[in-house]
Amino acid sequence: MAYPGYGGYGSPMPGQGMPGGPMGVPIPNNMSGPIGGPMGGALPQAGGFPPYGGVYPAYGTAGPAVNDPVWGYFTAIAGQDGEVDAVELQRCLTQAGFTGTYSPFSLETCRIMIAMLDRDFTGKMGFNEFKELFVALNGWKQNFTMFDRDRSGTVEPHEMTQAISSMGYRISPQALNAIIKRYNKGGRIYFDDYVACCVKLRALTDHFKRRDRMQQGSVHFTYDDFILCTMAI
């Protein structure tokens, strides 16, 4: 039986779908397209980041990392262990101007970004996860700017509902209401909170889907497994 009424874990409906959704929703290859600028924003003149190459290669394609335009960003911030933690990620996103005119990402949002892709629970991400994150972030930013028509850096609750739906998620009005209450400030949702919501939706949906192999819309969790899935995000 298909997942009743919810479109199957956030998969896009026919003719729909925005990048940044769960479990392999298609992502545009050009990171500097309608979003604007490298990594979604202008590259600072001073900050240790090399020039950005423009077109982002399809994720998973062969080729040495040094030829990847994202590799320079990664090596500029990665620690001696060759991985990036939340503080380093926040610095990278801020210095690269990813949020543009929007407020920079909070440290907590950067923590859950890493947790979304931290499959070995190290609290850090390697280069492949770093690339995967930036692809998702560009998709979420494109989706947000589509609904932030007045460029206020916020969206209204009904626009947030439309944004979630456009990414393919099919969740109940009660769940949507809970999401709006959780992430709004003064009746509006800011970009940082919007991305935090997208991260959690994708991560929890991925956790659920991996356990619901028959796609019946229900799974069995042990208490410890449930805590592991929810508290890590």
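Rings of Phe, Tyr and Trp, the last by its six-membered ring, count as a pair if their centres lie within 6.5 Å; planes under 30 degrees apart are stacked, over 60 edge-to-face, and the rest tilted. By that rule, a search of the whole structure finds 14 aromatic pairs.

Some housekeeping. This is a predicted model, in which local features need pLDDT of at least 70 and side-chain atom pairs count only at pLDDT 80 or more, while totals for chains, interfaces and linings use all residues. Residues are numbered from 1 along each chain as its sequence is written, and side-chain values use heavy atoms, with hydrogens and water left out.

Now the overall layout. The protein chain has eight helices and two strands, taken from DSSP runs: H or I of at least four residues for helices, E of at least two for strands, numbered from the N terminus. Along the sequence the pattern reads α-α-α-α-β-α-α-β-α-α. Of its 233 residues, 44% count as buried; buried means under 20% relative accessible area, exposed over 50%, and partly exposed in between, with a 1.4 Å probe and protein chains only.

Back to the rings. Phe 98 and Phe 134 make an edge-to-face pair, 6.2 Å centre to centre with 75 degrees between the planes. This pair links distant parts of the chain: Phe 98 sits in the loop between helix H2 (86–95) and helix H3 (107–117), and Phe 134 in helix H4 (residues 127–147), 36 residues apart. Both Phe 98 and Phe 134 are buried.

Compare Phe 221 and Phe 226, another edge-to-face pair, at 6.2 Å and 85 degrees.

Over the face of Phe 98 lies Lys 141, 5.1 Å from the ring centre. That counts when NZ of Lys or CZ of Arg is within 6 Å of the ring centre and within 35 degrees of the ring normal. Arg 182 lies over Tyr 183 in this way, at 4.5 Å.

Thr 99 counts as buried because its relative accessibility is 7%. Leaving out residues up to four places away in sequence, Thr 99 touches Pro 104, Phe 105, Lys 141 and Phe 191, where contact means heavy atoms within 4.5 Å.

Then helix H6 (residues 173–183), where Leu 176, Ile 179, Ile 180 and Tyr 183 are buried. Why are they on the same side of H6? Because they cover an arc of only 100 degrees around the axis, going by the directions from the helix axis to the C-beta atoms. The face turned away carries the exposed residues Gln 174, Lys 181 and Arg 182. Cover for the buried residues includes helix H5 (157–166), strand S2 (189–190) and helix H7 (191–211).

Last, the core. The largest nonpolar core has 51 residues, and Phe 130, Trp 140 and Tyr 194 have the most contacts inside it. Such a core is a set of buried Ala, Val, Leu, Ile, Met, Phe, Trp, Tyr and Cys residues joined through side-chain atoms within 4.5 Å. Among the contacts of Tyr 194 are Trp 140, Phe 144 and Met 160.
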